[in-house]
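Colleague: I would like to learn how to read a helix and a cavity. Can we work through an example together?

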Amino acid sequence: MQLGMVGLGRMGANMTRRLMRGGHQLVVSDLSPEAVKQLAGEGAMASSSLDDLMIKLQAPRAVWIMVPAGGPTEKTVQALLSSMQAGDTIIDGGNSYFKDDVRRAQMCKEKSVHYVDVGTSGGVWGLERGYCMMIGGPKEAVGRLDPIFKTLAPGRGNIARTPGREKMGGTAEEGYIHCGPSGSGHFVKMVHNGIEYGMMQAYAEGFDIFKNATSKELPEEIRYDLNLADIAEVWRRGSVVSSWLLDLTAIALAENPSLSEYSGFVQDSGEGRWTIQAAIEEAVPAEVLSAALYTRFRSRQEHTFAEKILSAMRQKFGGHVEPKQAKTA
């Protein structure tokens with residue numbers, strides 16, 4: 001199947017490679033001529049602009065966008081839509097806000113153009129592992145793109161089948177699903193990322209407890225100098241908390257147990273915030289996900305004014321004095 005790919009960053013480039021390995025024809029576009037040249041050298045058809053890309057695609061045309069959410073995606077959708085005809089399809093595979101998808105889908109519908117939103121998980125490992133996809137959009141358009149999704153997805157692999165799943169059918173076991181109408185794919189991916197924040201925070205706090213088990217504040221008989229890399233490794237084997245995130249943690253700790261190359265400054269990409277907003281709109285308690293998001297905010301500051309207020313109140317009501325900061329050499 002022929003597909004246009006706009007955005008050749010780490011994920012867009014590797015998705016292009018995986019699709020070409022699967023026998024699909026890719027026409028590629030990127031703001032970087034070097035990125036286009038690289039993929040053209042690997043078998044893709046180069047394009048010099050979005051207009052050129054559209055000319056090189058055969059009707060009905062399908063274009064997958066892998067650019068940053070927000071302004072860049074909006075600008076790309078608008079530009080593509082201006083050149084599209086009835087029956088063409090725009091696929092947003094980035095991390096757009098689901099409410100933007102609903103608006104864009106309506107905009108596309110006015111020109112009889114399909115809009116498909118694809119929440120894509122797999123990161124830089126997707127080329128070999130495949131990509132888990134959560135898809136929203138018209139059934140007709142999603143069905144026509146099934147060969148693309150099937151190639152990008154991980155497939156069943158060696159994961160044991162869920163008991164009773166053989167009676168259900170569908171594509172979930174292959175690693176992709178059609179969640180529902182426009183916006184639903186990115187809505188499911190948004191909550192997926194919110195859960196990811198919570199899982200990562202749980203691991204981070206657990207290993208921080210291990211790291212500080214040697215604290216001089218503890219009685220000597222319960223101070224433990226633990227091997228964090230070994231703990232991460234043993235948990236990968238038969239433990240109920242094993243996961244791919246733990247696999248990655250084990251890799252990092254094996255490389256450098258002190259993680260001295262990291263500052264602890266943790267960004268958030270937006271989906272965590274949107275997940276909390278959705279929880280508020282639905283009146284759903286989301287304490288763990290909220291705390292995980294706020295911890296990321298906290299990681300970017302030394303000490304907040306709020307903490308100064310807390311310290312001041314503790315001193316005033318109980319005479320608690322802040323500990324002196326240790327002098328650095």
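Predicted model: local features only at pLDDT ≥ 70, side-chain atom pairs only at ≥ 80, totals over all residues.

Colleague: How many residues of α1 are buried?

Modeller: Start with the cut-off: buried means under 20% relative accessible area. In α1, 9 of the 12 residues are buried, so the helix is largely enclosed by the rest of the structure. Among them are G12, A13 and N14. The charged-class residues R17 and R18 are buried too.

Colleague: How do residues along a helix line up?

Modeller: An α-helix has 3.6 residues a turn, so residues three or four places apart point the same way.

Colleague: Which residue follows α1, and what is its phi?

Modeller: G23 follows α1. Its phi is positive, near 95 degrees.

Colleague: Now the cavities. How many of 30 Å³ or more does the structure hold?

Modeller: It holds 1. The largest cavity has a volume of about 50 Å³. Its lining includes Y97, F98, H186 and W274.

Colleague: Which elements give two or more residues to that lining?

Modeller: Those are α9 (184-211) and α12 (271-282). The most comes from α9, with 4 residues.

Colleague: What classes of residue line the largest cavity?

Modeller: The lining has 5 nonpolar, 4 polar and 2 charged residues.

Definitions and conventions:
Residues numbered from 1 in each chain as written. Heavy atoms only, no water. 1 Å grid on protein atoms, 1.4 Å probe; cavity = no way out; pocket = protein on both sides within 12 Å on 5 of 7 lines; lining within 4 Å. Points joined across faces, edges and corners; volume = space filled by probe spheres on them. Buried < 20%, exposed > 50% of the residue type's maximum accessible area, 1.4 Å probe, protein only.
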